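This report describes selected packing features of the model shown below.

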Amino acid sequence: MRSPALSTLGWRPCLRRPLLPHPRCSVLTTRRYESTGPLSFSELDKKWHARWADTKPSYLSPDASDAPKPKCYILPMFPYPSGTLHLGHLRVYTISDVLARFKQLQGYNVIHPIGWDAFGLPAENAALERGTHPEKWTLQNIEKMKEQMMKMGGRWDWDREIRTCDPEFYKHTQRIFLMLFERGLAYKAESLVNYDPVDKTVLANEQVDANGFSWRSGAKVEKIMLKQWFLKIKEFQKPLLEDMENLAKGGRWPERVLAMQKNWLGRSTGVKLEFLVHKANGSNDAIEVFTTRADTLFGVQYVALSLSHSIVREAAKEDADLRAFIDRAQNLPPDSKEGYLLKGMLAANPLSSIIDLADETVPVYVAPYVLDDYGSGAVMGVPGHDSRDYAFWRANLGDAPIIQVIVPQEEAHLEFKMLLPGDQDKPMLSKGVIAKGIEDFSGIPSDEAIDKIVDLLQKQDVAVQKTENWRLRDWLISRQRYWGCPIPIIHCDSCGPVPVPKEDLPVELPKLADEFFKGKTGNPLQEDPTWKKTTCPKCGSAAERETDTMDTFMDSSWYMFRFLDPHNKNELVSSALAESNMPVDVYVGGVEHAILHLLYARFISKFLATTSIWPSGGGPENHGEPFKRLITQGMVHGRTYSDPTTGRFLKHEEVDLSKPKNPVIKATGEVPNVTFEKMSKSKHNGVDPTATIAKYGADVTRAHMLFQAPVSDVLEWDITSISGVQRWLTRVLRLSRVSWIPPHVLGNFTLPMDIDAPLEEQMQELWKHRRIAPTKLHSKVRDPTELDILRDYMKGPEKQLWTKTQQTIESVTKSYSETYSLNTVVSDLMTLTNAIFDASHTSPLMSYLQFLSTAHLLRMLAPVAPAVAEEAWETLIQKTGTTISSFVQHPLHCRNWKSVFDIGFPRANDTELMRQLSRTITTVVQIDGKRKFQVEIEGPEARLGTPRNALPDEEVEFVLSQVVETEEGRHWLGREGGKIWRGEKVGEGEWAPKGWRVMVVRGGRLVNFVGPGVKKGKGEKREENVRAEGESDGEEGRTLIGRTPLAQEKSGRTYSLNYITDLLKEKENQVKGPPEV
């Protein structure tokens, strides 16, 4: 599509600088020129943060007449208000802000909210320690962190800000709980729980580390029986697992996150059966066991029960030694192989009812390695085919033989084995066939044997069935603390647990005095009789409120819905807003939340998709998933110094850092060990991001952070390398001052009407208004195509710059929108900056290409460094826009001033065009047959349309002109000061001084300059070698004598290749005499 002629829009060519610029333009220009030199990056932050605060960008206040924009919901995981931002916060919020700004530039209606995960134990612990109400402590921290975040240069929707501790928020958390309760998905039950004796609260299994310690306080977790509230997440376990297939498509969620969730869900297919336990007192009991390897039933040698199994608890009442073992086992690691033999108990192998077994009954042990929440808390011990069972057997029964009943297919003829300590003493873990000697089963493959075992046991009326087992257990949400969302249940002696009526929500926390918290332990709600006492909503009798509060993961399980409608007093979110904006398009946060938060958020979202709140669940392909794409950023590690002798971590003030690359311990003069480790107070390696921003500016800090590592990798924060980013952004600001436009071009410079128009339209506009000379190709070629015209008109450096610009737009767009390789965005923009700066002025067209490239650069840079981009954009338009001062309809006129974010993201319109225009070749340049340098130039075939070996003279000239225009070419072959000429003069229209010969062969891939002083035979030999190389591929070379073909043509003399070659030989013979005999 052609762009309209500017004359139809009231355009009048302005060939000279206007005498009286438009008043408003002059004001803007004067303001800019009044600054004494360039602003520092910190000053830029202040200037543009104030400007953004004063003027709401158009993307935040769209015109009602504007066409509806597509939505994009980008959400970073909201922070806990600890009071201080760390570099991890800076990284996650920089990533989300960059992506949000990119989508704004692309024309999306972007939702990019922020809020505070404000409930939690740290606030309560701080209150107990300081005697300060946790709400006061929390709100003070929020104000501090909000002030810090405002300095980051981010753009968040502060009008959507939420705090989970506000009653207007947790009112709806309570409503979700009641919806679950009404559906039978919330219940209270007694269970063995993880109890933190320091924080005096219950922990979910996920909050206990592999060694049995609390993830919060670090205390050794105790096991106690307590009545707790649970949510039936197991009701959703199947869709939670199966819908991960959709999340895996196109790498939308990281593989490791999906793997962690699959492992936590832990689905396994197997057989559930019963072992009958015979007790010494004559009574029997049944132990239910789940196994994925029923084919190994022939090799069962013991049964192991968990510490809390009902049989164990019953036996412990009469067995003091067992009670002591259980108490001691609390401090054993979860993978401990210690065991306790239950006296007077034997378990009967269910197979004993159908075949004869060597061990029809086996001993029963109590074993800490048996999990309470897997199966029924019992396992059948098969040491011959399970590594944990094997280790337990050897730890408790020493050298006792182990039965191995499964063998590889190639050993099917062998009897089952009895393993004794030695080289062969190891379990066989894979499936195979049943060993010889086992009645009716010998040689049968494992899977077939499982089917046969189940079938035979069912015929004998033995309790057995094929089933699935899941590791996932219902979500324990009860917490015994004050600073959390109250559970909206009232306990009545007559009616039982009764939900608080919807109209009585929220159930607010009691307003307690600061001094109430000083030194308190336990749950303050339990100790407050006034708040606790109430009446039953059902019968009106005296009743008590539930004093447990909810796990804070309950708040973050649905907050993404609340951001869409944060001021709705009646509903947690308008159904219309949920339908139009969910799911979240991009969710950004740490991988440490891969299991807990993400799994719970998926559960609650899937539940809400079964209600009228979000009935579509995001459509048939989304299945109620809350987050379409997940980006997990890596951790930030800090530079850490330690004493090489003692290993003690050193404070930075203990190290002489005057030479950052060569640190020295001040006290000893030794060189410290330098590593990058997770930031912590104990390692003295923390970095205050606000101090870094104050020193270097937000944009430099953001760009440095993005540039140092890919988003998902660990970032090793190294402040010593930030100067490179400083220099780059300084160069960007210099670029915007257009010093690269010659004064005679700048005086008539005309801003394009559409900076995103294809190159062909841009050049047509420039030709039309006489800003560049018209093409002369029509005089040479009949009916040339537009591609022919562009190919003929554009010089090599111009094509190279525009090609680089198009390639960068293409690459950066992909990095922003598909791969999220934000480090390569910065790298690509650095490369483009250098390309614009280094481009030599070849014609007025180059100035326009540099302008357009700079305009595109600034818009691509804007998401990363918004203040620098705004400043540079303003400067660029002011410097180049003086000739349009009277043309107020121009979209870039100062009266129509727009933020760089209102201009839109550049489009790579000319990528394919530049591929056709810029087919480059590598040209090797020789001097007297010796290689001096090689350069990338546009190949002659790009002009000729098809590759050719033999080049016409005008194409030889084209090759040489391309070579000489390169930086290397100017260094060696420049008309003035070319290194190889050693002061000799190169005449106009000539490629070399008088007496030099130039050969171009291999279609322009080899150029040889032969000097006049070459001894007899030497230059001739090299020249013949050069020609031979060209002719070996059937090529014909072109030899010039110091002149361009055009110069030869002007002299009225033309030379064939043979004539020139013969002439050269003749001249050499005249100078050097006949060859010796």
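## Basis of the description

Two residues are in contact when they have heavy atoms within 4.5 Å of each other. The model is a predicted one, in which local features need pLDDT of at least 70 and side-chain atom pairs count only at pLDDT 80 or more, while totals for chains, interfaces and linings use all residues. Residues are numbered from 1 along each chain as its sequence is written, and side-chain values use heavy atoms, with hydrogens and water left out.

## Nonpolar cores

A nonpolar core is here a set of buried Ala, Val, Leu, Ile, Met, Phe, Trp, Tyr and Cys residues joined through side-chain atoms within 4.5 Å; buried means under 20% relative accessible area, exposed over 50% and partly exposed in between, with a 1.4 Å probe and protein chains only. The largest such core comprises 110 residues, and Trp728 and Trp873 have the most contacts inside it. Helix H27 (residues 844-861) supplies the largest share of this core, eleven residues. Helices are DSSP runs of H or I of at least four residues, numbered from the N terminus.

A separate core of 90 residues includes Leu180, Ala186, Ile604 and Ala609. Beyond its neighbours within four places in sequence, Trp728 is in contact with Ala703, Val826, Leu829, Met830, Thr833 and Leu861.

## The H27 and H28 pair

The axes of H27 and helix H28 (residues 866-880) come within 9 Å and cross at roughly 155°. The two helices are therefore roughly antiparallel, a term for angles over 145 degrees. Axes are lines fitted to C-alpha atoms over the stretch in contact, and angles run from 0 to 180 degrees between N-to-C directions.

On the H27 side, the contact is made by Phe851, Thr854, Ala855, Leu858 and Leu861. H28 contributes Val868, Ala869, Ala872, Trp873, Leu876, Ile877 and Thr880.

## Two buried residues

Ser736 is found in the loop between helix H21 (722-735) and helix H22 (743-746), and counts as buried because its relative accessibility is 1%. Not counting residues up to four places away in sequence, Ser736 touches Ala872, Thr875, Leu876 and Lys879.

Trp48, in helix H2 (residues 41-54), is buried with a relative accessible area of 2%. Leaving aside neighbours within four places in sequence, Trp48 is in contact with Ala867, Glu870, Glu871 and Glu874. Trp48 and Val868 are 820 residues apart in sequence and 8.9 Å apart in space, C-alpha to C-alpha.

Methods. Parallel < 35°, antiparallel > 145°, perpendicular 65-115°, else oblique.
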